[in-house]
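Subject: Structure for your review: salt bridges

Dear colleague,

Please find below the structure that I am handing over to you.

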Amino acid sequence: MPIAREIDTRGLNCPLPILKAKKALNDMASGELLKVVATDPGSLRDFQAFARQTGNELVDQQTLGTEFIHVLKRR
């Protein structure tokens, strides 16, 4: 499934990547994918908790060098 939207949160620390993702997801249709690029190592556990709490599915997480990629599916 193609990524519907991508946001760049490089250089931002908790809770800003989560807040930006939440705002983006609110503007998306159910089932669409959101890709978030972050540099905060804490974002790995933050996005896992965010997905559990909101019901949005965390489809993928990757670490590429100093960047962390999160893919969420809008509930």
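A salt bridge is counted here where a side-chain nitrogen of Lys or Arg lies within 4 Å of a carboxyl oxygen of Asp or Glu. Please note that the model is a predicted one. Under this rule, three salt bridges are found.

Two of the pairs involve Arg10. Asp8 is bridged to Arg10, with 2.7 Å between the closest N and O atoms. Glu67 also forms a salt bridge with Arg10, and there the closest N and O atoms are 2.6 Å apart. This second pair connects distant parts of the chain, 57 residues apart: Glu67 belongs to strand β4 (residues 67–73), while Arg10 sits in the loop between β1 (3–9) and α1 (16–26).

The remaining pair is formed by Arg45 and Asp46, whose closest N and O atoms are 3.1 Å apart. Arg45 counts as exposed, with a relative accessibility of 57%. Asp46, in contrast, has a relative accessible area of 15%; Asp46 is therefore buried, since the cut-off for that class is under 20%.

With kind regards

Methods: Residues are numbered from 1 along each chain as its sequence is written. This is a predicted model: local features need pLDDT of at least 70, side-chain atom pairs count only at pLDDT 80 or more; totals for chains, interfaces and linings use all residues. Side-chain values use heavy atoms; hydrogens and water are left out. Helices (H or I, at least four residues) and strands (E, at least two) are DSSP runs, numbered from the N terminus. Buried means under 20% relative accessible area, exposed over 50%, partly exposed in between (1.4 Å probe, protein chains only).
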